Amino acid sequence: MKYFLLLTSVLFLANCSTAARSTWLGAGIGTVAGGLLGSAVGQNGSHEDQNKAIAIGAVAGGLTGGLLGNYAYSKSESQPQGHPKLQDSDPQPPFLKGPIIRRIWIEDKIDPSGTHYETGHWLFLIERQSSWGK
């Protein structure tokens, strides 16, 4: 069991922090599945043989799961998602200017009957909408 814990912690700590999310997920699932399969296969051997079977299963499952996860991620990235991606030579949209917004502070109000009180708040008014720039 010590070998299994050591190998899984090494696998998770030694990998690059920029790896794709699906690669990590595949490696994690593969490590657990491989460790469980190794445990089942080495069940009838000695304690040391069981630990070796778990470790080998976890390493093999982790590597296989990581490769499959990376492959699935690269396949999903290479397929178009319904619209073409912009290339460097494609025209870029013009600059979009933001709207002009005026902010007005509204003071506290009490209605003439004295039954309604409204706290002070900001009122925002759009003076000019967004427009295309050059």
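Helices here are DSSP runs of H or I with at least four residues, strands are runs of E with at least two, and both are numbered from the N terminus. With that in hand, read the chain from the N terminus on: α-α-α-β-β-β-β-β-β. That gives 3 helices and 6 strands.

A word on the source. This is a predicted model, in which local features need pLDDT of at least 70 and side-chain atom pairs count only at pLDDT 80 or more, while totals for chains, interfaces and linings use all residues. Residues are numbered from 1 along each chain as its sequence is written, and side-chain values use heavy atoms, with hydrogens and water left out.

Now the whole chain. The accessible surface comes to about 10800 Å². Carbon and sulfur atoms hold 63% of that. The areas come from the Shrake-Rupley method with a 1.4 Å probe, and for residues only the protein chains shown count as cover. Next, burial. Buried means under 20% relative accessible area, exposed means over 50%, and partly exposed is in between, with a 1.4 Å probe and protein chains only. Of the 134 residues, 20% are buried. Then contacts, meaning heavy atoms within 4.5 Å. Take the contacts between residues at least 6 apart in sequence: 55% of them join residues at least 24 apart.

On to helix H2, residues 21-41. What is its span? From first C-alpha to last, H2 reaches 30 Å with its 21 residues. That is close to the 30 Å expected at 1.5 Å a residue. The expected span is 1.5 Å times one less than the number of residues. Several H2 residues are buried, among them Gly26, Ala27, Gly30, Thr31 and Gly34. Here is a general point: an α-helix has 3.6 residues a turn, so residues three or four places apart point the same way.

Stay in H2 for Thr23. Thr23 is buried, at 19% relative accessible area. Which residues does Thr23 touch, leaving out those up to four places away in sequence? They are Gly66, Gly69 and Asn70. Leu63 is 40 residues from Thr23 in sequence, yet their C-alphas are 9.7 Å apart in space.

Now the strands, and the rings. Rings of Phe, Tyr and Trp (its six-membered ring) pair if their centres lie within 6.5 Å; planes under 30 degrees apart are stacked, over 60 edge-to-face, and the rest tilted. How many aromatic pairs does this rule give? The count is 1. Trp105 and Trp122 have ring centres 5.2 Å apart and planes at 70°, so they sit edge-to-face. Trp105 is in strand E2 (residues 100-106) and Trp122 in strand E5 (residues 121-128), so the pair ties together parts 17 residues apart in sequence. Trp105 is partly exposed at 39%, and Trp122 is partly exposed at 39% too.

Trp122 has another neighbour. Arg103 lies over its face, 3.9 Å from the ring centre. That label needs NZ of Lys or CZ of Arg within 6 Å of the centre and within 35 degrees of the ring normal.

Last, the loops. Glu107 sits between E2 and E3, and is exposed at 54%. Its side chain makes a polar contact of 3.4 Å with that of Trp105. A polar contact is a pair of N or O atoms within 3.5 Å; within protein, one must be able to donate a hydrogen and the other to accept it, and residues adjacent in sequence count only if both atoms are side-chain atoms. Asp111 is in the loop between E3 (109-110) and E4 (117-118). Its side chain makes a polar contact with that of Ser113, at 2.9 Å. Asp111 is partly exposed, at 24%.
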